[in-house]
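Please read it beside the sequence and the structure.

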Amino acid sequence: MRYAVVVCLLAFIGICVVIKAGIIMFKERGYWQEVAARFVRENVSVPSNRGNILSSDGKLMASSLPEYRIYMDFMVSETDQKRRDKEQARKDSVFDANLNDLSEGLHRLFPDCSASYFRQHLRRGRDQQSRYYLIYPKRISYLQYKAVQELPIFNQGTNKGGLVGVEYNQRKKPFGSLAARTLGDVYADTTLGAKNGLELSFDSLLRGKNGVTHRQKVMNRWLNIVDVAPVDGADVISTLDVDMQDIAEKALIDEMKEINANVGVVVLMEVATGEVKAIVNMTKGNDGGYYEMRNNAISDMMEPGSTFKTASIMVALEDGYITPHTMVDTGNGVKMMHGSAMRDHNWARGGYGVIDVTRILEVSSNVGVSSLIDQYYKDDPQKFVDGLKRMSIGVPLGLQISGEGKPNVRGPKERYFAKTTLPWMSIGYETQIPPINILTFYNAIANNGKMVKPKFVREVVKDGQVLESFPTEVINPKICSDKTLAEIREILGKVVSEGLAKPAGSKQFQVAGKTGTAQISQGAAGYHANRRYLVSFCGFFPADAPKYSMIVSIQKPGLPASGGTMAGSVFSKIAERVYAKNLHYDMRHAKDSTSNVIPAVKSGQLGETYYVLNHLDVPMEHTSVARSHAEEWGKAKQDSTAVAFELLATEEQKDNIMPDVTGMGAKDAVYLLEQKGLNVRLSGVGRVRRQTIPGGRAFTKGQTVQLTLN
């Protein structure tokens with residue numbers, strides 16, 4: 001009967017469970033789905049970690065680092081009233097007991113706020129019974145956050161201590177302004193992507209892929225359950241060299257301050273590979289300081305001035321119209337060309353008269369260059385333009401970085417190409433070419449005629465694996481014939497050694513290049529309103545075996561304006577420091593033939609002395625003495641060729657005869673003398689120079705000997 005009752009009871013309970021389950025599944029389905037939805041959040045995005053940008057030598061140039069805002073929860077989370085009241089009382093008592101220590105600790109970490117400020121501020125939060133009270137108004141670093149966690153109260157953990165940290169992913173540049181515009185910027189919320197520079201160009205690789213989680217509330221706590229794990233971004237290895245970048249930035253800013261310049265650009269490139277080792281873009285701010293605001297090196301569409309004359313002369317050389325020795329009459333420095341006056345910079349002093357092509361570039365004669373180009377190409381200006389195109393000076397480069405300007409070299413079939421256009425174009429006016437395009441052209445001259453694309457990124461890596469590499473790209477395998485190339489390189493060398501570009505030279509190595517000084521057009525106002533000048537120098541070094549090419553371009557208001565003195569001096573400073581950075585001398589050549597290379601050797605135990613000298617390959621004499629009496633004491637004497645060994649005199653080896661310990665170190669001398677029963681006193685440091693009981697004299701045990709060292 002009892003068994004039957006139990007079976008019936010269990011069967012009844014089971015039927016009730018099934019009925020209730022049916023009611024929940026069908027009748028109350030909507031209600032319980034709404035309840036469940038309040039405790040589950042679907043498709044919560046988990047941001048990935050943005051990749052780093054590194055220099056060519058592995059130094060971190062841009063990275064995403066965590067920052068935190070810190071809050072305090074003054075209330076407990078217990079649901080039971082009695083337990084909550086008890087825990088709240090405990091938490092308040094701990095707060096009161098440790099408030100002073102906590103405030104002092106916060107003041108030490110954040111000295112811009114006093115300890116009394118933190119005491120009053122935290123009391124105010126407790127009085128408000130706040131659950132999310134901001135402790136410090138600024139974001140703090142990860143290290144600061146870890147230090148805050150060690151402070152009184154907060155070291156009890158999140159639940160008991162009440163510290164709440166909200167993490168933000170912030171993009172940082174460890175080297176500050178170095179190449180800041182080239183590296184680029186990201187939005188404050190890094191999940192929104194990048195604004196400019198390499199950050200924008202390689203944004204898809206740097207940002208990675210966000211993950212997906214859903215959040216579920218269990219026992220009054222939210223748990224993150226990963227559905228799709230985030231994929232962190234890859235690292236970009238740039239071609240930039242931090243040391244060269246620092247050298248270039250400092251040299252440029254120093255000169256800009258001295259001449260009160262508005263904008264300055266430096267680009268340093270490796271000749272063979274096209275790798276950009278340094279790029280500086282400085283603009284004068286309203287406060288008088290210099291900052292990287294725009295990537296002027298790749299975007300400035302300006303008339304290059306006299307640095308363009310090299311290309312003009314090369315076209316004429318290549319077409320066979322002239323040689324480096326072709327003579328030109330530049331007159332008194334002023335020549336009327338199609339109704340407009342062409343002037344040399346020294347026209348007021350009478351000009352240069354009759355000079356050859358080499359001298360024309362040495363002194364940067366406007367009249368000389370424009371006369372040649374107008375003479376041979378005025379009837380067929382398209383031939384001149386075709387010659388420029390053959391050298392690829394006006395082609396877009398397709399750089400790895402955004403914001404590239406498109407060169408504008410006007411042809412005779414285009415609008416506004418007048419009779420004066422050709423002569424003025426030949427000296428760098430009526431064309432717009434970004435500085436990096438001019439540098440690419442000069443780099444091709446240094447690279448035996450091969451024009452390579454400037455490169456800012458070497459490779460993209462992830463977890464030690466190379467995802468993508470960027471080999472050197474050739475734009476033009478040969479911009480001109482070897483004959484023209486040899487002639488123009490010789491001329492550019494003389495521009496620096498004998499011409500206006502002497503300030504760009506160096507006593508350590510040869511430099512080749514060309515200066516440029518041009519007035520900057522003010523649009524509709526022309527060249528004469530608010531006169532501004534572009535001074536520049538573009539060249540390569542060492543000229544006999546080029547390794548680096550560089551352009552320095554500076555915009556300044558008013559006169560004086562000199563490409564050689566201003567831009568050339570910056571070029572020289574950077575070139576010499578970069579050249580010195582890469583010097584590697586054979587240390588054997590630093591040996592002074594008149595010096596004694598045998599080291600000073602202290603006297604002591606012969607075996608130990610022999611062991612050390614033998615391992616250092618120091619020449620030795622009488623080595624049989626040291627090997628056969630290794631455990632005995634002796635003296636080491638050195639001359640200019642070797643070290644020789646001597647045993648202590650036979651008399652000095654007796655127990656009651658004072659040994660000569662001069663030349664020994666303190667440790668050896670004390671050991672030897674105390675072994676003989678003497679008391680030893682020391683004064684000074686170094687070797688023993690004097691002993692109060694001379695060597696060879698008899699003594700009694702227990703006697704005191706004073707040793708003087710120096």
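## Packing of α3 against α4

The axes of α3 and helix α4 (residues 115-127) come within 8 Å and cross at roughly 145°, where axes are lines fitted to C-alpha atoms, for helices over the stretch in contact, and angles run from 0 to 180 degrees between N-to-C directions. Helices (H or I, at least four residues) and strands (E, at least two) are DSSP runs, numbered from the N terminus. The crossing of α3 and α4 is right-handed; a crossing is left-handed if the near helix is turned anticlockwise from the far one by less than a right angle, and right-handed if clockwise.

This is a predicted model, in which local features need pLDDT of at least 70 and side-chain atom pairs count only at pLDDT 80 or more, while totals for chains, interfaces and linings use all residues. Residues are numbered from 1 along each chain as its sequence is written, and side-chain values use heavy atoms, with hydrogens and water left out.

On the α3 side, the residues that meet α4 are Asp92, Phe95, Asp96, Leu99, Asn100, Leu102, Ser103, Glu104, Leu106 and His107, and their partners in α4 are Ala115, Phe118, Arg119, Leu122, Arg123 and Arg126, with contact meaning heavy atoms within 4.5 Å. The residues of this contact of α3 with α4 divide into seven nonpolar, three polar and six charged; Ala, Val, Leu, Ile, Met, Phe, Trp, Tyr, Cys and Pro count as nonpolar, Asp, Glu, Lys and Arg as charged, and the others, Gly among them, as polar.

## Two further helix pairs

Helix α10 (residues 242-259) and helix α19 (residues 563-581) have axes that come within 9 Å and cross at roughly 155°. The two helices α10 and α19 are therefore roughly antiparallel to each other, given that angles under 35 degrees count as roughly parallel, over 145 as roughly antiparallel, 65 to 115 as roughly perpendicular and the rest as oblique. α10 passes α19 in a right-handed crossing. Among the residues that make the contact are Met244, Ile247 and Ala251 of α10 and Val570, Ile574 and Val578 of α19, and by class the contact of α10 with α19 has ten nonpolar, one polar and five charged residues.

Helix α12 (residues 309-318) packs with helix α15 (residues 381-390) at an angle of about 105°, their axes being 9 Å apart, and α12 and α15 are therefore roughly perpendicular to each other. Here Ala311, Ser312, Val315 and Glu318 in α12 meet Phe384, Gly387, Leu388 and Arg390 in α15. The contact of α12 with α15 divides into four nonpolar, two polar and two charged residues.

## Cavities

The structure holds three cavities of 30 Å³ or more. On a 1 Å grid over the protein atoms alone, a cavity is a set of points where a 1.4 Å probe fits but cannot get out, and a pocket is an open set with protein on both sides within 12 Å along at least five of seven lines; lining residues have an atom within 4 Å of a point. Grid points are joined across faces, edges and corners, and a volume is the space filled by probe spheres set on the points.

The largest cavity has a volume of about 110 Å³, and of the 15 residues that line it, the closest to its centre are Pro304, Ile433, Pro435, Leu534 and Ser553. β25 gives the most to the lining of the largest cavity, with three residues. The second largest cavity, of about 80 Å³, is lined by 13 residues, of which Met72, Lys91, Phe95, Ile153 and Gly161 lie nearest its centre. The largest share of the lining of the second largest cavity, five residues, comes from α3, and by class this lining has five nonpolar, two polar and six charged residues.

## The second largest pocket

The second largest pocket has a volume of about 990 Å³ and is lined by 28 residues, of which Arg343, His345, Asn366, Tyr429 and Thr517 lie nearest its centre. β23 gives the most to this lining, with five residues.

## Backbone features

The peptide bond from Phe541 to Pro542 is cis, with omega near -20°, and Pro542 is found in the loop between β24 and β25. Also cis is the bond from Leu559 to Pro560, with omega near 0°. Ala179 has a positive phi of about 55° although it is not a glycine.
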